[in-house]
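Work through the exercises below with the sequence and the model side by side. Try each task before reading its solution.

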Amino acid sequence: MSTAFVFPGQGAQTIGMGRALAEAYPGARAVFDEVDDALGEKLSALIWEGEIETLTLTENAQPALMATSMAALRALEAEGLGLERASHVAGHSLGEYSALAAAGAVSVADAARLLRTRGLAMQQAVPVGQGAMAAVLGLDFDTVTEVAETAAEGQVCQVANENDPAQNVVSGDRDAVERACVLAKEAGAKRALMLPVSAPFHCALMAPAAEKMAEALENVAMTAPAVPLVANVTSEAVSDPAEIKALLIKQVTGQVRWKTSVEWMAANGVTGFWEIGAGKALTGMIRRIAREAEARSVGAPEDIKAILEG
């Protein structure tokens with residue numbers, strides 16, 4: 001039996017996330033202090049007492065979610081449930097940076113600064129309103145890929161996220177994404193709905209952001225992770241720092257292949273998945289992908305207590 005530690009992406013943020021961990025575990029509190037220092041601002045105050053609209057801004061949500069994930073990991077470590085339990089790490093989009101920080105490949109401070117840069121770069125890559133994303137429910141990946149290609153009509157329309165067997169996300173120019181929603185419903189989708197996001201992530205329109213991340217990553221020290229990272233864009237394990245950096249750049253415009261990443265881990269001996277940080281979205285996806293595996297979320301002291309008592 002082996003366990004993968006997995007880390008959530010954008011959309012999981014809530015006001016108050018991680019606060020109970022920080023109050024219960026000094027190591028968790030220290031993570032939020034480290035992120036505050038790295039960014040030169042009290043991000044922790046926004047996370048715990050701010051407005052959700054401000055926290056949801058990409059530039060804030062990305063480092064905030066990483067901080068919450070790392071706080072949960074520090075709490076696990078305090079109870080003897082740290083990375084030595086894991087055979088692999090993986091993360092959904094920005095969660096890859098949390099996974100790399102968890103595996104010691106980058107420092108928490110560097111991860112926070114990289115994610116602030118990433119959030120700003122992604123937001124600035126496309127004028128507000130020009131791009132869009134939509135979730136398509138009830139169609140498989142290949143069918144949604146065909147829908148996106150048909151809907152493009154010379155614009156950008158791509159599958160951005162392959163989340164689980166019946167949930168895929170398309171991204172690109174707003175007109176094309178709207179056409180994709182119509183075509184998806186005609187193809188038998190249960191639902192095709194526009195998402196309340198501020199930019200079209202993980203598609204070719206993010207090329208300017210990829211260039212900025214290439215510059216940022218060039219100036220960051222990275223070592224081999226303590227356990228392999230299962231990368232979003234390849235759905236396979238990687239440990240070489242140079243290759244990881246190249247994949248992080250590619251991920252900005254590339255697909256988040258979450259379904260095939262979970263399938264790869266399950267096929268390579270992973271029988272348990274711990275979603276470390278805010279929310280339970282990945283836990284739900286994993287249960288739909290790898291039905292035989294155990295999946296649990298770890299984002300509060302009571303979650304850690306349940307592991308200890310179990």
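**Exercise 1.** In which loop is the place of Ser235? State also whether Ser235 is buried or exposed.

Solution. This is a predicted model, in which local features need pLDDT of at least 70 and side-chain atom pairs count only at pLDDT 80 or more, while totals for chains, interfaces and linings use all residues. Residues are numbered from 1 along each chain as its sequence is written, and side-chain values use heavy atoms, with hydrogens and water left out.

Step 1: Ser235 sits in the loop between strand 7 (229-230) and strand 8 (237-238). Helices (H or I, at least four residues) and strands (E, at least two) are DSSP runs, numbered from the N terminus.

Step 2: the relative accessible area of Ser235 is 8%, so Ser235 is buried. The cut-offs are under 20% relative accessible area for buried, over 50% for exposed, and partly exposed in between (1.4 Å probe, protein chains only).

Step 3: the phi of Ser235 is positive, about 60 degrees, although Ser235 is not a glycine.

**Exercise 2.** Compare Glu153: where is its place, and is Glu153 buried or exposed?

Solution. Step 1: Glu153 belongs to the loop between helix 8 (141-152) and strand 4. Step 2: with a relative accessible area of 60%, Glu153 is exposed. Step 3: Glu153 too is a residue other than glycine with a positive phi, near 50 degrees.

**Exercise 3.** Which residues does Val230 touch?

Solution. Step 1: Val230 lies in strand 7 and counts as buried, at 0% relative accessibility. Step 2: leaving aside residues up to four places away in sequence, the contacts of Val230 (heavy atoms within 4.5 Å) include His88, Val89, Ala90, Ser235 and Trp264. Step 3: Gly91 is 139 residues from Val230 in sequence, and the two C-alpha atoms are 8.1 Å apart in space.

**Exercise 4.** Which parts do the buried residues of helix 2 pack against?

Solution. Step 1: helix 2 covers residues 26-39, 14 residues in total. From first C-alpha to last it reaches 20 Å, close to the 20 Å expected at 1.5 Å a residue, where the expected span is 1.5 Å times one less than the number of residues. Step 2: its buried residues are Ala28, Val31, Phe32, Val35, Asp36, Ala38 and Leu39. An α-helix has 3.6 residues a turn, so residues three or four places apart point the same way. Step 3: the buried residues of helix 2 pack against helix 1 (19-24), helix 3 (43-49), helix 5 (58-78) and helix 7 (108-125). Step 4: Gly40 follows helix 2 and has a positive phi, near 70 degrees.

**Exercise 5.** How are the rings of Phe5 and Trp274 arranged?

Solution. Step 1: rings of Phe, Tyr and Trp (its six-membered ring) pair if their centres lie within 6.5 Å; planes under 30 degrees apart count as stacked, over 60 as edge-to-face and the rest as tilted. Step 2: the count by this rule is 2 aromatic pairs. Step 3: Phe5 and Trp274 form a stacked pair, 5.3 Å centre to centre with 15 degrees between the planes. Step 4: Phe5 is in strand 1 (residues 2-7) and Trp274 in strand 10 (residues 270-276), so the pair ties together parts 269 residues apart in sequence. Step 5: both Phe5 and Trp274 are buried.
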